[in-house]
Amino acid sequence: MLSEIKSAYLAPKGLNELLLNEVEAVIAVHDRLIFSSKPFIEAHWAQNIWKNTKIISIGSINDASKKLKALQKNWCLYSFTLHRRAKLIQEKLNFKPQKPLKFPITFPKTDLGSWCLLDENTLLASTDCSSPFPNGEPSFIQNKDDPPNRAYLKLFEALTLAGKTPKQGEFCIDIGSSPGGWTWAIQKCGASVLSIDRSPLDKKISNLKNVEFQKRDAFSLLPEVFIKEGRQIDWLFSDVICYPEKLYEWLSVWIKSGICKNFICTLKFKGKPESSIIKKFTTIPNSKVIHLFHNKNELTFIKPWQPA
Ligand SMILES: C[S@@+](CC[C@H](N)C(=O)[O-])C[C@H]1O[C@@H](n2cnc3c(N)ncnc32)[C@H](O)[C@@H]1O
């Protein structure tokens, strides 16, 4: 049975059920790791996808590390059984855990593989994983002084995966911005921000250079006003708490207008997410809908998306 594994999916903590709804031909589930007998699909709710998995027979700890190293250099373990043996193999692989990342970072093409023990003499490995982070978990150097909350970490993760960040002199709109974690991060990149929310920004953030705040309903903001001014928008960010259907409608107008180059939006769900609305977002050309490590019962829409 286990010899039929073709792909594996690591669920975010507490979200096995959502991922299980997406993955087909599930053979087994071990903690958060789901095995499938079908080739991988781009599951939205996966924290990491192990594509094209290989089953490898091993005679000893040394043999295991030799065989993994022969495939590639860097390996991350997901351990759900025989923890001590797995840990000894991992130690032999000499993979140094990633230090907290200083944002912004540019990722070299990742070569981080994932593996686990299936039994004493068999391991499962993939050299082709969807996430560049160990088990899909990025760790960024945190700033406990300047931003008003930890929401900036979600944006750091999204921008890192998007492979680009707002630049000096660019113009960005951030809706659902209060108290200002994302606005802080965007301003820190050197860009100007039009920050919009029905609630005020934290004073520290509204006083920042190149931040303009408007207290209003974000969905009343439409592209026409910028089109009339002949103004291009480099990034449109949304972290508004609203029904994804409402966001989709509003976003479609902006995408159709062609006035904005880049989009990062959180899709927030109350209870069980509707797959039909997720599908609508996924059919927007040149985009990705992904569950970030820093997302809760949310997905993140990123456009444009450059496949790795
Ligand atoms: C999760 S919070 C945003 C956190 C923010 N991104 C940050 O980094 O601090 C969601 C925000 O959406 C705002 N919001 C909800 N509906 C809105 C609307 N129609 N127009 C503007 N803001 C809205 C709420 O006031 C709330 O501040």
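I count a contact as heavy atoms within 4.5 Å. Before anything else: this is a predicted model, where local features need pLDDT of at least 70, side-chain atom pairs count only at pLDDT 80 or more, and totals for chains, interfaces and linings use all residues. Residues are numbered from 1 along each chain as its sequence is written, and side-chain values use heavy atoms, with hydrogens and water left out.

**Whole chain.** I looked up the secondary structure and got nine helices and 16 strands (DSSP runs numbered from the N terminus: helices are H or I with at least four residues, strands are E with at least two). The radius of gyration is 21 Å, close to the 19 Å from the globule rule for 308 residues, so the chain is as compact as a globular protein of that length (C-alpha atoms; the rule is 2.2 Å times the number of residues to the power 0.38). I also noted that the C-alpha trace spans about 70 × 40 × 30 Å along its principal axes.

**Burial and contacts.** Buried residues (under 20% relative accessible area, 1.4 Å probe, protein chains only) make up 52% of the 308. Of the contacts between residues at least 6 apart in sequence, 64% join residues at least 24 apart.

**Helix α4.** I then went to α4, residues 152-162, and found it mostly covered, with ten of its eleven residues buried. Among them are Tyr-152, Leu-155, Phe-156 and Leu-159, but also Lys-154 and Glu-157. What do they pack against? I found α5 (181-188), plus the strands β13 (233-238), β14 (260-268) and β16 (298-303).

Key
Buried means under 20% relative accessible area, exposed over 50%, partly exposed in between (1.4 Å probe, protein chains only).
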